[in-house]
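Me: I would like to learn how to read a structure like this one, feature by feature. Please give the general idea each time, then the case at hand.

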Amino acid sequence: MAGLAGLAAPAAVLGESGAEVLPQVTVTGDPLGSRTESELVRPISVVEGEALERRRGGGTIGEVLDGLPGISNADFGPGVGRPTIRGLQGSRVEELQDGMRISDVSDEGVDHAVGGDSRRAQSVEFIRGPATLMYGSGAAGGAVNMVTSRFDPFIGDQVSGRLYGAYTDNANKRQGYAGVEVPLTEGFALRTDYSLSRSDDADIAGFQLEEGRDGDHLIRDSLVNSDINDDSWSLTGMWSEDWGYIGVGYDRWEIEYGVPEAFFPVHTSDIELSDEYERIYAEHDRFDLRSEFYDPFDGFSAARFNLSYTEFVQDEIEYKYDTDTGRLDERVTEAAFEQDELDARLELTHDPLDALGGLRGTVGIDFHDVDYVGADPREGRDDLIRPNETTSTGVFVVEELPTGFGAVEFGARLNQERSRAADVADQQIKKVAEDGSINGVDVPERNFQEELGSRTFTTGSASAGARFELDDAHRLRTSVTYAERAPSAEQLYAFGRHGAAGTWEVGDPDLGEEQYLNLDIALERHQGAVRYDAAVFYNRVDDYIYFQSFDDNGEPLRVDRDADYDEEGDQLVYNTAADVHLYGLEFEAEHDLTVADWPVTARASGDYLRGRFRDGGSLPRMTAPRLGIGVDTAWRTLDFAVDWRHVFRQTDTGPAETETGSYNLVGFDIGWEPQDVEELRVFVRGRNLLDEDGRRHESFFKSSAPILGRNYTLGASYNF
């Protein structure tokens with residue numbers, strides 16, 4: 001779907017015919033140049049302006065987008081929130097910042113934060129389904145692009161900027177952002193910004209552990225070890241002239257957060273709790289180049305060259321409680337991640353070809369290199385993931401042909417990815433599993449080899465779609481995409497304990513490519529008193545890689561087994577492949593009840609997702625069905641919105657899963673824009689007003705981290 005993009009869309013405006021239409025949003029990540037959503041064939045949506053401000057309080061990009069049709073938040077407490085798009089998450093969803101990959105290790109662990117700052121975003125674009133071939137096989141499930149103002153080619157004639165601050169009572173959370181542009185000449189400006197967030201342990205409704213529903217002495221009302229401290233800072237030089245623009249920037253990001261876990265020094269109970277807890281420290285230094293040249297040579301309207309280089313480091317620290325001293329005084333670095341990543345892209349957009357009916361498109365090439373160092377071998381620890389280097393080169397083309405009924409778009413990509421695992425000492429492996437097994441489960445001999453060599457994957461993708469202008473108000477979009485995805489490094493080379501995640505993970509160096517065949521159909525109406533988007537999709541995947549779980553007896557938990565599972569100790573998970581299909585529907589709609597001095601707009605949205613193994617059984621961690629309604633209104637300088645969303649019970653469980661109960665989310669937003677102070681907005685919002693004890697089924701660790709309890713936020717934003 002493309003269009004309404006959330007439950008807080010701006011008010012409609014009058015078109016030339018006098019009918020009400022939605023304001024059009026420009027998509028910066030469009031390969032054919034910046035177009036509006038209505039001009040696109042592929043299912044791209046944008047959240048910006050007031051809709052984005054209402055969602056910004058969450059902090060993580062997963063929280064910002066959670067609740068939009070087809071998107072949910074696979075969180076692991078407040079510090080971690082990665083989007084799940086139509087049931088796909090992790091390394092299948094590409095995270096972008098200003099069109100280039102965000103370098104982090106959130107693919108390598110569900111407890112890892114995304115290395116980007118959503119407070120910096122001016123808009124968020126997201127593409128559902130595998131119709132993202134221009135971003136490579138890592139975007140087989142979709143892409144999320146956080147667009148900032150750092151590389152905006154428009155330079156003002158005076159100092160300008162944006163200020164944002166907010167306080168949330170739950171967790172005593174303080175957030176702030178300050179950004180400024182200083183024009184030094186007519187065509188050159190310096191831009192800098194700083195962002196921070198501080199919070200304590202969050203309040204929840206009920207018990208922290210899911211097992212505590214029937215207990216009397218477990219931790220309740222507090223999400224232990226969920227506090228967060230994060231900072232980001234950037235400096236950008238922007239040069240913009242009639243020929244195009246060049247921007248060069250530096251970005252520093254740091255975060256410290258806890259992995260929510262109840263440990264026994266706080267309370268004791270009949271359920272065995274841990275005597276340790278985990279904290280994660282991550283940081284990156286990132287360097288960016290963005291450039292675009294207008295009319296570079298005959299036949300081409302634009303040439304874009306972008307480059308990003310990131311040095312990323314993350315440590316997972318285990319703190320252990322000493323019963324003799326009564327202090328958490330034992331500190332061990334349990335896992336370390338270090339990687340250097342280079343991302344480069346060249347795109348050429350050609351002029352419409354009259355001989356081919358006005359065919360217009362973009363051709364490009366991109367290069368991606370990740371040197372994953374892992375832990376320092378001098379520390380004598382085994383890596384969770386064997387050190388490796390992955391290099392990917394791809395060429396792509398996206399073309400659009402105007403037609404009498406609308407437009408047709410088609411594209412293709414050819415990609416070659418080479419992954420080489422580092423050699424490791426034999427004794428380093430054998431001390432982990434001397435008998436070639438883990439908990440009695442035999443592990444493929446390849447995992448124990450000192451030399452794995454390299455794997456090369458050649459993948460191809462192709463897509464075709466059409467936009468049908470049915471009449472002045474209605475539009476039909478269809479697209480079909482075939483995409484291939486190479487297995488990620490963690491799926492190939494994981495072999496070790498991941499303490500913060502509570503798992504012992506085993507990769508498979510012999511895994512092959514995943515193949516996706518996706519069909520998407522959407523009907524839209526974007527003008528008049530009633531507006532809506534409705535979409536259905538089907539995604540058939542061959543050799544889908546997933547975590548297969550094993551029980552304490554070393555037997556695989558198969559899809560036809562009862563889902564009860566003893567989670568004491570680390571859960572053994574093995575990367576394996578199976579044929580699956582995912583299908584579902586999404587919708588959102590608005591109805592203007594009144595448009596006079598007191599406008600009232602009613603809203604509704606919902607989605608349904610089903611993921612199944614083709615030989616029977618449900619895929620794990622599929623987002624539960626959701627249904628929401630809301631009302632927007634405004635009076636003079638005040639605007640008001642109230643929303644209710646019901647998350648249904650998830651009974652379609654995969655291996656090693658339990659059912660997840662239903663819950664209701666009620667929230668409100670009040671905004672005030674005083675007439676005598678332009679560009680100032682003061683807001684109050686409330687979330688989870690019913691103080692529900694909800695669990696997200698798509699989260700790997702719903703049993704340890706419920707949703708946050710009732711919370712209120714007071715804040716302001718000011719543009720100058």
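Reply: Start with secondary structure: helices (H or I, at least four residues) and strands (E, at least two) are DSSP runs, numbered from the N terminus. Here the protein chain comes to four helices and 39 strands. Serine 308, for instance, lies in strand β20, residues 300-322. This is a predicted model, in which local features need pLDDT of at least 70 and side-chain atom pairs count only at pLDDT 80 or more, while totals for chains, interfaces and linings use all residues. Residues are numbered from 1 along each chain as its sequence is written, and side-chain values use heavy atoms, with hydrogens and water left out.

Me: Is serine 308 buried or exposed?

Reply: Buried means under 20% relative accessible area, exposed over 50%, and partly exposed in between (1.4 Å probe, protein chains only). Serine 308 counts as buried because its relative accessibility is 2%. Of the 720 residues of the protein chain, 59% count as buried.

Me: Which residues does serine 308 touch?

Reply: Contact means heavy atoms within 4.5 Å. Not counting residues up to four places away in sequence, serine 308 touches Met100, Arg286, Phe287, Asp288, Arg290, Glu341, Leu342 and Asp343. A polar contact is a pair of N or O atoms within 3.5 Å; within protein, one must be able to donate a hydrogen and the other to accept it, and residues adjacent in sequence count only if both atoms are side-chain atoms. The side chains of serine 308 and aspartate 288 make such a contact, at 2.5 Å.

Me: Which side chains make polar contacts with that of aspartate 193?

Reply: The partners include arginine 120, at 2.9 Å, and tyrosine 177, at 3.0 Å. Aspartate 193 is found in strand β14 (residues 188-199) and, at 5% relative accessibility, counts as buried. Leaving aside neighbours within four places in sequence, aspartate 193 is in contact with Arg120, Tyr177, Ala178, Gly179, Ser232, Trp233 and Ser234. Aspartate 193 and threonine 236 are 43 residues apart in sequence, with 9.1 Å from C-alpha to C-alpha. For the chain as a whole, among contacts between residues at least 6 apart in sequence, 68% join residues at least 24 apart.

Me: What should I look for in the backbone angle phi?

Reply: Most residues other than glycine have a negative phi. Aspartate 295 has a positive phi of about 45°; this residue is in strand β19 (residues 276-297) and counts as exposed, at 57% relative accessibility. Asparagine 688 also has a positive phi, near 50°. Its place is the loop between β38 (680-687) and β39 (711-719), and at 6% relative accessibility asparagine 688 counts as buried.

Me: Which residues touch the most other members of the largest nonpolar core?

Reply: In soluble globular proteins, nonpolar side chains tend to be buried together. A nonpolar core is a set of buried Ala, Val, Leu, Ile, Met, Phe, Trp, Tyr and Cys residues joined through side-chain atoms within 4.5 Å. The largest has 28 residues, of which Ile255, Tyr257, Phe337, Ile385 and Tyr493 touch the most other members. At least two residues of this core come from each of β18 (244-259), β19, β21 (327-353) and α4 (489-493). The most come from β18, with four residues. Apart from this core lies another, of 17 residues, among them Leu52, Ile71, Val93 and Val144.
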